[in-house]
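Welcome! Here is a short briefing on a structure that may be new to you. Have a look at the model first, and then read on.

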Amino acid sequence: MAAIPVGFLGAGQMASALAAGWSQAGLLDLSRSLAADPFAAAREKFTQATQVKAVAANREVVDACDVLVLAVKPQMMAALLAEVRPAISSRHVVISIAAGVTLKTLSETLGSTTRLVRVMPNTPCLVGASASGYAAASTATPDDVALVGKLFGAVGKAFALPEHLLDAVTGLSGSGPAFIYVLIEALADGGVKVGLPRDVAQTLAAQTVFGAAKMVLETGQHPAALKDAVASPAGTTIAGLQALEKGGFRAALMEAVEAATTRSQQLGQR
């Protein structure tokens, strides 16, 4: 796939991560891509991170680019859509990465013929390790859907799903990196508690999470089987697992995913 120009409406963390990831994958035409954000500091930070020009006017981006990424917070989406609607035409494919904003809402605001795809990515796209789900409106062409699959597949793993499952994707992989960062921090704190230097403990914790995830993805084995392979009888690991069970570790993570999913659903009802 040749590098293409992309317009980002919103120049925050996710837009920066996607632009940088797509640039690293050779998919983003840096000279013709453009971003818009009302905040000068955000524009400056975006350009420094991605080498893509950022401007203040959303309409300038819509006029310049056929592929548009809606990358504002859900609470700001209504105002953005109202502003750009007069400039959206049949030449545009509009990709929304806003949590909870449905295809129905986007279509009602931008027009029933607008080519729309809704995506829920996560920030590890910056290092080529995103986990995304996407759903296309009936107005999106097969080429539009293929384009989204290539873009988000280039920065990690992307799954085409029915739209009603995207709130669950938001709760699991959209919010999940934050849960894992807490896990890494806690593991590192545990290492410090038992005597390891902070820098060593943090690196060991992060590498352990990375290695365990890589084992799951590359072996195809169920996580329970991999866990059992580590937990030898009367050993150190089974003692630690018992402590996790006592602390409600599994239930806490499940409840975190459920709470994030519920919040995504609530955002979509506004």
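Leu196 is partly exposed in this predicted model, because its relative accessible area is 35%, which is over the 20% limit for buried and not over the 50% needed for exposed.

**A patch on the surface**
- Leu196 sits in the loop between α8 (176–193) and α9 (198–219).
- Together with Val200 and Leu204, Leu196 forms a nonpolar patch on the surface.
- The accessible area of these residues together is about 220 Å².

**Aromatic pairs**
- The count of aromatic pairs comes to three.
- One of them joins Phe8 and Phe46 in a tilted arrangement, with 5.8 Å centre to centre and 55 degrees between the planes.
- This pair links distant parts of the chain, since Phe8 belongs to strand β1 (residues 6–9) and Phe46 to helix α2 (residues 40–50), 38 residues apart.
- Phe8 and Phe46 are both buried.
- Another pair, Trp22 and Phe152, is edge-to-face, at 5.4 Å centre to centre and with 90 degrees between the planes.
- Trp22 lies in helix α1 (residues 13–24) and Phe152 in helix α6 (residues 142–153), so their pair ties together parts that are 130 residues apart in sequence.

**Buried rings and their cluster**
- Trp22 counts as buried because its relative accessibility is 0%.
- Phe152 is buried too, with a relative accessible area of 0%.
- Phe8, Trp22, Phe46 and Phe152 come together as one aromatic cluster.

Key:
Residues numbered from 1 in each chain as written. Predicted model: local features only at pLDDT ≥ 70, side-chain atom pairs only at ≥ 80, totals over all residues. Heavy atoms only, no water. Phe/Tyr/Trp six-rings, centres within 6.5 Å; stacked < 30°, edge-to-face > 60°. Helix = DSSP H or I, 4+ residues; strand = E, 2+ residues; numbered from the N terminus. Buried < 20%, exposed > 50% of the residue type's maximum accessible area, 1.4 Å probe, protein only. Patch = residues over 30% accessible without salt bridge, like charges linked within 9 Å, V, L, I, M, F, W, Y side chains within 5 Å. Areas by Shrake-Rupley, 256 points an atom, 1.4 Å probe, with all protein chains shown as cover. Salt bridge = Lys/Arg side-chain N within 4 Å of Asp/Glu carboxyl O.
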